[in-house]
Amino acid sequence: MRDDYTLEQRMAHLEEALAGVRELAVFWAAERGPDDGFVDFEAKQIEALRQVGRASAEVALAIAEAKHRREHPDRFEVDGTRYRMTSPEPRSLLTWFGTVRYARSYARPLEGGPGWF
């Protein structure tokens with residue numbers, strides 16, 4: 001799991017995934033065996049593109065969380081209820097590309113009760 005990845009590590013993971021797609025496109029024809037058909041290339045390409053999709057979603061969610069933390073105070077009040085922002089909590093999100101791991105902060109009432117994000 002990449003729960004502890006920093007934004008920089010997530011960006012590096014995205015760059016690796018993009019490089020994998022590029023390498024597959026450039027080198028497949030030159031390195032394929034006599035029994036490797038185009039359908040084999042497509043199967044590899046689909047998985048490589050799914051990796052890019054998951055990695056880019058993780059980057060986007062990490063940037064959104066950082067933006068939210070910068071723009072909102074750690075403690076605030078809404079309709080008489082005082083809230084505090086939690087540290088980002090690990091979450092999973094099912095996407096078209098597969099499951100994505102990310103972290104999200106939640107607003108929890110100081111006096112207890114249901115929170116929100």
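This report walks through a pocket, a nonpolar core and some salt bridges in the structure above. Please keep in mind that the model is predicted.

**The largest pocket**

Let's start with empty space. Rolling a probe the size of a water molecule over the atoms shows where such space is left. Here, the largest pocket holds about 270 Å³. Its lining is made up of 15 residues, and those nearest the centre are Tyr5, Arg10, Ala62, Glu65 and Ala103. Helix H1 (7-31), helix H2 (38-71) and strand S4 (98-104) are the elements that each give two or more residues to this lining. H2 gives the most, with five residues. Sorted by class, the lining of the largest pocket has nine nonpolar residues, five charged ones and one polar one.

**The largest nonpolar core**

In soluble globular proteins, nonpolar side chains tend to be buried together. The largest nonpolar core of this model consists of five residues: Leu14, Ala17, Val52, Ala55 and Val59. H1 and H2 each supply at least two residues of this core, and the largest share, three residues, comes from H2. Leaving aside residues up to four places away in sequence, Val52 touches Leu14, Ala17, Leu18 and Val21.

**Salt bridges**

Side chains of opposite charge can pair when their charged atoms come close. A search of the whole structure finds seven salt bridges.

| Pair | N to O distance |
|---|---|
| Glu71 and Lys67 | 3.0 Å |
| Arg69 and Asp74 | 3.6 Å |
| Glu89 and Arg108 | 3.2 Å |

How are Glu71 and Lys67 placed along helix H2? They are four residues apart, so about one helical turn separates them. Lys67 is partly exposed, with a relative accessible area of 41%.

In the pair of Arg69 and Asp74, Arg69 is partly exposed at 29% relative accessibility, and Asp74 is partly exposed as well, with a relative accessible area of 47%.

Glu89 counts as partly exposed at 26% relative accessibility, and Arg108 is partly exposed with a relative accessible area of 28%.

Finally, there is a group to look for: Glu47, Arg50 and Arg54 are linked in a network of salt bridges.

Notes:
Residues are numbered from 1 along each chain as its sequence is written. This is a predicted model: local features need pLDDT of at least 70, side-chain atom pairs count only at pLDDT 80 or more; totals for chains, interfaces and linings use all residues. Side-chain values use heavy atoms; hydrogens and water are left out. On a 1 Å grid over the protein atoms alone, a cavity is a set of points where a 1.4 Å probe fits but cannot get out, and a pocket is an open set with protein on both sides within 12 Å along at least five of seven lines; lining residues have an atom within 4 Å of a point. Grid points are joined across faces, edges and corners, and a volume is the space filled by probe spheres set on the points. Ala, Val, Leu, Ile, Met, Phe, Trp, Tyr, Cys and Pro count as nonpolar, Asp, Glu, Lys and Arg as charged, and the others, Gly among them, as polar. A nonpolar core is a set of buried Ala, Val, Leu, Ile, Met, Phe, Trp, Tyr and Cys residues joined through side-chain atoms within 4.5 Å. Buried means under 20% relative accessible area, exposed over 50%, partly exposed in between (1.4 Å probe, protein chains only). Contact means heavy atoms within 4.5 Å. A salt bridge is a side-chain nitrogen of Lys or Arg within 4 Å of a carboxyl oxygen of Asp or Glu.
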